[in-house]
Amino acid sequence: SGRERGMRITKMNWFEEAKFGMFINWGVYALWGQGECFIEYMDADEYAGKADELNPCAGFAARWAKLARMAGMRYVVFTSKHEDGFCNFATGITDFNSTRHGAKRDYLREVIDAFRAEGIRIGIYHAPLDLYHNRLKAGETVDAQRVKFKAQFHGLIRELLSNYGLIDLLWIDGRHPTGEAEEFYRLARDLQPEIIINDRAGPGGDYETPENVFAPAQPGRAWELCTTINDSWGYRSHDYNYKTVNQLIFLLSNCASHGGNLLLNISPLADGSVPAEQEERLLAIGDWLRLNGESIYGVKRLDNAYTCDGRITRKGRKLYLHNNYWQGSRQIVTGLTSEILGGE
């Protein structure tokens with residue numbers, strides 16, 4: 001209906017104008033330094049034994065939030081639970097959580113408070129898959145496990161969207177356990193009517209989330225490229241394959257010119273510190289955005305944003321040329337169609 005379309009436009013406005021967000025993959029796996037899927041390669045109980053060592057330094061969340069603000073990021077997506085099953089928040093559903101292990105703190109609340117203080121929108125990441133809790137027990141059928149899995153998933157979502165105030169965005173990393181995505185979306189939107197939800201749980205999401213692949217959604221559909229600064233989501237001590245600042249700025253301008261956002265991941269160490277290579281790159285992007293941010297934030301999608309040297313973005317009747325290979329004091333830009341020049 002027209003009313004529903006109007007509601008979508010209203011709640012999606014901030015997201016489609018933001019263009020740049022911070023993804024934070026962090027949890028027990030940071031202690032191992034082998035990436036976020038390390039539990040897949042070892043005994044779940046042995047992996048879980050590390051949880052009592054998780055004890056990030058005081059003020060870690062405030063430092064992340066300051067870094068995001070200085071980098072020009074407009075929203076954050078923080079891990080509430082990854083596939084390892086450890087909850088970075090207070091929950092009554094499982095003891096395998098941050099208030100029962102290690103420093104016995106609610107890390108999600110610390111992160112939300114810190115980012116709100118910097119004026120940054122709040123997103124929560126949650127993985128339905130759970131390699132710790134949802135191991136098949138003797139005599140248990142796969143169907144029975146899925147029903148149990150669904151109850152846990154919905155219960156955790158209810159807590160996350162009831163106990164932390166206004167949540168702007170919910171980032172679900174995987175299909176709904178029983179395929180009943182509509183029920184999940186209804187639950188989330190009943191609890192937080194203005195929330196934005198990605199599309200990975202199943203049909204019914206508000207936007208698309210291609211991962212490490214530049215794949216813009218169809219015109220009229222919101223989307224976001226999520227990608228890493230190096231090759232890893234969770235902290236991996238031996239991953240030194242970092243993208244350059246120029247590559248990251250190109251990703252940002254490429255997304256913006258095609259109507260999308262860039263959700264750029266950081267992978268902090270277990271103590272909460274951000275690798276220097278990642279921090280340096282974010283600060284450099286922030287310096288660039290302070291000079292050139294008007295060519296990124298709030299720009300509109302073009303049918304053809306390409307030039308031989310870079311990308312074009314547009315805001316109103318103003319065009320911005322992102323030239324990645326400036327060759328001198330004068331440049332001729334061809335292919336400026338009426339659609340590009342038309343403005344609003």
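Colleague: At what angle do helix H6 and helix H7 pack, and how far apart are their axes?

Modeller: This is a predicted model, so keep that in mind throughout. In it, H6 covers residues 142-162 and H7 covers residues 181-191. They pack at an angle of about 20°, with their axes 9 Å apart.

Colleague: Why quote both an angle and a distance?

Modeller: Two packed helices are described by the angle between their axes and by the distance between those axes.

Colleague: OK. Are H6 and H7 roughly parallel or roughly perpendicular?

Modeller: The angle of about 20° makes H6 roughly parallel to H7. The cut-off for that label is under 35 degrees.

Colleague: Is the crossing of H6 and H7 left-handed or right-handed?

Modeller: H6 and H7 cross in a right-handed way.

Colleague: Which residues make the contact?

Modeller: From H6 come Lys150, Phe153, His154, Ile157, Arg158, Leu161 and Ser162. H7 supplies Glu183, Phe184, Leu187, Ala188 and Leu191.

Colleague: How many of them are nonpolar, polar and charged?

Modeller: The contact of H6 with H7 has 7 nonpolar, 2 polar and 3 charged residues.

Colleague: Next pair. How do H8 and H9 pack?

Modeller: H8 is residues 245-257 and H9 is residues 276-292. Their angle is about 55°, and their axes are 10 Å apart. H8 and H9 are therefore oblique to each other.

Colleague: What is the handedness of the crossing of H8 and H9?

Modeller: The H8 and H9 crossing is right-handed.

Colleague: Which residues meet there?

Modeller: Val245, Leu248, Ile249 and Leu252 are the H8 side. On H9 they meet Arg281, Ala284, Ile285, Trp288 and Leu289. By class, the contact of H8 with H9 has 8 nonpolar residues, no polar ones and 1 charged.

Colleague: Let's zoom out. How many helices and strands are in the protein?

Modeller: The protein has 10 helices and 10 strands. Its radius of gyration is 21 Å, close to the 20 Å that the globule rule gives for 344 residues, so the protein is as compact as a globular protein of that length.

Colleague: What does the C-alpha trace span?

Modeller: About 70 × 50 × 35 Å along the principal axes.

Colleague: What share of the residues count as buried?

Modeller: Of the 344 residues, 53% count as buried.

Colleague: And what share of contacts join residues at least 24 apart?

Modeller: It is 68%, among contacts between residues at least 6 apart in sequence.

Colleague: Is Lys19 buried or exposed?

Modeller: Lys19 counts as buried, because its relative accessibility is 1%.

Colleague: What about phi of Lys104?

Modeller: Phi of Lys104 is near 55°, again a positive value in a residue other than glycine. Lys104 lies in the loop between strand E2 (75-81) and helix H5 (107-117). At 52% relative accessibility, Lys104 counts as exposed.

Colleague: Last one: where is Glu110?

Modeller: Glu110 is in helix H5. Its relative accessibility is 24%, so Glu110 counts as partly exposed.

Colleague: What does Glu110 touch?

Modeller: Leaving out residues up to four places away in sequence, Glu110 touches Phe60, Ala61 and Arg105.

Colleague: And how far is Glu110 from Ala62?

Modeller: Glu110 and Ala62 are 48 residues apart in sequence. In space they are 8.1 Å apart, C-alpha to C-alpha.

Note on methods:
Residues are numbered from 1 along each chain as its sequence is written. This is a predicted model: local features need pLDDT of at least 70, side-chain atom pairs count only at pLDDT 80 or more; totals for chains, interfaces and linings use all residues. Side-chain values use heavy atoms; hydrogens and water are left out. Axes are lines fitted to C-alpha atoms, for helices over the stretch in contact, and angles run from 0 to 180 degrees between N-to-C directions. Helices (H or I, at least four residues) and strands (E, at least two) are DSSP runs, numbered from the N terminus. Angles under 35 degrees count as roughly parallel, over 145 as roughly antiparallel, 65 to 115 as roughly perpendicular and the rest as oblique. A crossing is left-handed if the near helix is turned anticlockwise from the far one by less than a right angle, and right-handed if clockwise. Contact means heavy atoms within 4.5 Å. Ala, Val, Leu, Ile, Met, Phe, Trp, Tyr, Cys and Pro count as nonpolar, Asp, Glu, Lys and Arg as charged, and the others, Gly among them, as polar. The radius of gyration is taken over C-alpha atoms; the globule rule is 2.2 Å times the number of residues to the power 0.38. Buried means under 20% relative accessible area, exposed over 50%, partly exposed in between (1.4 Å probe, protein chains only).
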